Each structure stands twice: as C-alpha cells, then as structure tokens.
There are 2 protein chains.
Amino acid sequence: MWFIEDETPGYKLQWKINRVLLQKQTPYQYLEVIEMEEFGRALLLDGAIQITEKDEFIYNEMISHVPMLTHPNPGKVLIIGGGDGGAAREVLKYKEVEEVQLIEIDEEVINAIREFFPGLAGVFDDPRFKLIVDDGIEFVKSKQDEYDVIIVDSSDPVGPAVNLFEYPFYNDCFRALKQDGILNIQSESPFFNRDIIKKVTGILNGLFEYVNTYLACIPTYPSGLWSFTMASKAYNYSGASLERARGMNTHYFTPDVFQACFKLPRFVHDFLKE
Amino acid sequence: MWFIEDETPGYKLQWKINRVLLQKQTPYQYLEVIEMEEFGRALLLDGAIQITEKDEFIYNEMISHVPMLTHPNPGKVLIIGGGDGGAAREVLKYKEVEEVQLIEIDEEVINAIREFFPGLAGVFDDPRFKLIVDDGIEFVKSKQDEYDVIIVDSSDPVGPAVNLFEYPFYNDCFRALKQDGILNIQSESPFFNRDIIKKVTGILNGLFEYVNTYLACIPTYPSGLWSFTMASKAYNYSGASLERARGMNTHYFTPDVFQACFKLPRFVHDFLKE
C-alpha cells in the first residue's frame, strides 16, 4: 500500500504505508494519519504531508530557533497554525519564554496529535503553553503591541491557509507585534514556489525594517529545499546572540547552522532581487 | 507516462515523462535519456537519475568549486566518472587549470551527452579537456604524484561504481595526487546512506590530513540533502582564498555558500563523530 503525494503536475512522491491510523473529513480539510515504512507516523492535510516523526525536527527547529535567537528576549510568542505542537516544543526550550499561545483553526488536528503522536503532544501540558482553537486570521485582528515573536506555521497556500499569505494578514501581524517584534513564516520551495516567496517578501519589505529569507533541507517536502522568511521590526539576524543556543537539545539546528542558513544559493539570491 | 525511481524500499519518486529519447543496455549499465515535464532532459543509469537539465548545476557546481577553491593553484585535475561533463565544465571556469582529464568507463554515456545535452557537451571540445574512455580504478593505479585535484563523480555504490567507495581505490587516488593534492567525492544522502558516509570518512581519515563533509540540497536526489567528502593532504578549506570565485558564473555556488556548506546539521555532525 502506497501513499502518493502530488507535488506538481509532473512530480510525485510515493511512500509505502504500513498502516492507516486515521482518515477523516474535518470542517476545514481532509485529515489523515498514516504509518510510513520510511519516516514513521505522518500527519497529512488534504493529501499533503505536514509532519513525519522522522524529519519533523528539521522544519520545527528551523522555523522556531532562528526568530527566537534573533529576538534578544522573546517572552511572549504566538504560533499561528502549527497544531502539531512541534514549533511550540522548540519555542519552549527558551527559558525566557513566559507564554506560548498556539492558535489552530482545526481542533481535529490537535486531537490527532494527542492520540497518535505522543512525542509531540507533551507540549500541550506545559504550563507556559496555551491552546486557542480559532481562526488565526480573525484572532490577530484584535491584537496590538502584544507579542515578541509570531510564527506562522501554515500549510500550503490552498484551503484554509490561503489568506495567511496575503497583505491584510501580515499587516495585522505587524500590529499585533510589539515595537521590536519579529514575524516568521514558512514560505514554500524556492524550486516550485518562487512566485510565493517573491510575493510575501515584497509585502513584508513594505512593512518591516529587516526581511530575510533562509533555507533548510527537508526530505519529505517537495524539492527538499525549503524557505522561511523572517521579518523583524528592530533586530537584524546578524546581531543575534547565539550563546543562548549553546547546549540546547536540537537535532538539526546549531549556532553554525543559524549563520549558514542565510547564505542563499545564487539562484535564490538572484530571484529575490528581481 | 511516468518514470518511477525506487529510492528505498519505502520511498519512490515519480516523474512525468514527455518523451523517451534513448533506452539502451550498455556493456556496463542500463542507459536512458528522458524528457521530464518538470526538470527537462534527464540521463538515467540503472533506473537512477544522474543529471537533469534543470538541477544539474547544483551537484556539478558543489562537487567542483569547493575543492578547486580549497586548492590554491589547481593546474591538473582528474575527474573519475562524471561522463556528463558537468563537473568538467565547472573546473574549466578556473583559468589556472591547464588540463582536465575525464575518465569515464562507459562511452555510451558520452555519446548520449553529445547527442541529447548540447548545453553540457560543449566542454568536450575545450582544448584543455581530455577524455579517456577507460576504467578509472585501473587508470589511477598507474599514476603517481600527478594531479592537484581528483574529483570522483560516481553514481551510487552499486554496479560499476561499487569499488569507487573502497580503500584500495582511495589509496590509489592518494598516490596519484601531488604532495598537496585534494580528493573530492560525492558521498550520498545523510538520511539514507549514513553507513556509506561513515565508511568513506573513516577510510579517508586514515589517509589524508584534512577530511571534511559538506552538504548541498539537490531536488532530484533521494531526500534532497546530499553529501560530499573532501580529503586534502595540505590545505584546509578554512584557509581557502575565495577571491578567485568572485564574479564567476554560477547558479548555486557562491563564496558564502562555500563557507555555509560545511556547517553541518547537528544529526550529521553527531553521526560523523560516532
């Protein structure tokens, strides 16, 4: 039994499935949990892999540690999407964090994580963690000057996530951030989604002082090469104090990886300049 | 029509094919040239993609520029395998190169490149380029103190390439190199081939003064994340003069990428230490 993920009209990934643990239409999307031969358990939304047990550490560490270290003292963090809890787990590794709010639109995602991913669900019981089941887009509209870091841990820009890649939402995030706040988003593949990266970079450049794209290599995402775009009101990544990450329990991220991930391949550097 | 590449027992890649241009059993391997919807023309050996028009630049630049810059004056270069000519094209971008010898065991690979990949075949007519159709393993046995840089641009360690990952071959390469020579090999995926990376690193550490693994992200290779291992008698990469690469026509490689590619994710760093 194989699961086939359509990446582009000419490119698919095939994963051998040992067991199907859950298949369910939620009010927002089609939710599946499968057990893969190669990457352990995986959570899928509308047929696209969101996380697998074996490589979620790359995405979750890279979307979290880079803004958390760029901000010198991130006490209050909002995660939009990210119902798997992986980004929250990484954020909570920083002792200066007082509160992490996670706003996930689809409660069924949370329930699936609690039932099938014990290694991720632990974070839901952390006293500094607060779960809000609601629409993140509506939620940030009512916030002002409140967060040090906002992480947009969204799925692809189709279905419920489509408006998470638009100006009104980023403008609301800007307002919801404190005067020295940082917004970080996942911004898709530099191979297949250049238009998305260019679009979000353009919007964020109009709002924030510093905007930087950085990369990681994630085996279960299309093309492997994956981008994040960090927008900061006051702190440039080059001034980050990386001492806070020494000795931290990570599997992909290191202070050296922090420095390296901003060194873009020439074709990425070039299309961002166009 | 789809081409399916078996990566591991539980993981396959599927590529839409617009045209099949060549299918041929050579004395060494099964050779195919296809035209893919997503990545242009591709050359396959025994069912594994070797190069595609759209992403070959990543592999070929990364296997070539890193050793070429680490060596301060690479006048004579040997490429073992690499019959597609892509690594030779990159090596010839250095004006200090007097001669590039390319030793490819399978003449049919060369013929297929000449016929179907005009963008790569141009290098075969460069006056500094010398093609040798022979067994690279036998060839290096007879060489001593001759090359500044040897690049092992092999296919996976199955079929004709299996002995390119063994001690006798590396020992012969060591002897074929000058007193300050550099050997560079492609060393497979850190996700799926840790045993290979650890094995070759161990062998090379026993022969060379400096051995360093570095990474690139290559969409059409399994897991995307891909490793190279550079072994040097006299020059550490950290001392490389990157000025020689300024203004060079590359699409992935830059001097910053040179520095960044050695910053390994923690899990790679850790398994290399085990």
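# Predicted model of a two-chain complex

Chain A of this predicted model has an average pLDDT of 95, and 100% of its residues score at least 70. For the complex, the predictor reports an ipTM of 0.93 and a pTM of 0.95.

## Two domains in chain A

Chain A is assigned two domains: domain 1 covers residues 2-52 and domain 2 covers residues 56-273. Their centres, taken over C-alpha atoms, are 22 Å apart. Where the two domains meet, domain 1 of chain A contributes 20 residues and domain 2 of chain A contributes 17 residues. On the side of domain 1 that touches domain 2, the strands β1 (2-8), β2, β3 (30-36), β4 (40-45) and β5 (48-52) of chain A each supply at least two residues. The most comes from β5(A), which gives five residues to that side. Sorted by class, this side of domain 1 has 11 nonpolar, five polar and four charged residues.

## The seven-stranded sheet

Chain A holds an open sheet of seven strands, arranged in the order β8-β7-β6-β9-β10-β12-β11, with mixed pairing. The edges are taken by β8 (129-133) and β11 (210-217) of chain A; each has a single partner strand, so one side of each is left without a neighbour in the sheet. On average, neighbouring strands of this sheet are turned by 15° against each other, direction ignored.

Strands of a sheet pair through backbone hydrogen bonds, either parallel or antiparallel. In chain A, strand β10 (residues 177-186) and strand β12 (residues 225-232) are an antiparallel pair with five bridges. Within this pair, A:Leu183 has A:Ala231 of β12(A) as its bridge partner.

Helix α6 (residues 167-176) of chain A packs on the sheet, where it touches β9 (147-153) and β10 of chain A. The direction of helix α6 makes about 140° with that of β10(A). Helix α7 (residues 194-207) of chain A lies across β10, β11 and β12 of chain A, and runs at about 10° to β12(A).

## The contact between chains A and B

How many residues does each chain bring to the contact? Chain A brings 31 residues and chain B brings 31 residues. On the side of chain B that touches chain A, β2 (11-25), α8 (255-260) and α9 (266-273) of chain B each supply at least two residues. The largest share of that side is the six residues from β2(B). The residues on this side of chain B comprise 15 nonpolar, nine polar and seven charged.

Strand β2 (residues 11-25) of chain A also pairs with β2(B): the two strands run antiparallel and are joined by five bridges. A bridge links A:Tyr11 to B:Trp15 in β2(B).

| Strand pair | Bridges | A bridge in the pair |
|---|---|---|
| β10(A) and β12(A) | five | A:Leu183 and A:Ala231 |
| β2(A) and β2(B) | five | A:Tyr11 and B:Trp15 |

## How the copies are related

Chain B is superposed on chain A by a rotation of 180° with 0.0 Å of shift along its axis, at an RMSD of 0.0 Å. The two copies are therefore related as by a two-fold rotation axis. Both copies use the same surface, as 100% of the contact residues of chain B recur in chain A.

Note on methods: Residues are numbered from 1 along each chain as its sequence is written. Chains are lettered from A and ligands numbered from 1 in the order in which they are written. This is a predicted model: local features need pLDDT of at least 70, side-chain atom pairs count only at pLDDT 80 or more; totals for chains, interfaces and linings use all residues. pLDDT is the predictor's confidence in each residue, from 0 to 100. Two strands pair if DSSP finds at least two bridges between them. Helices (H or I, at least four residues) and strands (E, at least two) are DSSP runs, numbered from the N terminus. Axes are lines fitted to C-alpha atoms, for helices over the stretch in contact, and angles run from 0 to 180 degrees between N-to-C directions. Two residues are in contact if their C-beta atoms, placed from the backbone, lie within 7 Å. Ala, Val, Leu, Ile, Met, Phe, Trp, Tyr, Cys and Pro count as nonpolar, Asp, Glu, Lys and Arg as charged, and the others, Gly among them, as polar. Domain bounds come from an automatic or database domain assignment. Copies are superposed by least squares on the C-alpha atoms of residues with pLDDT of at least 70 in both.
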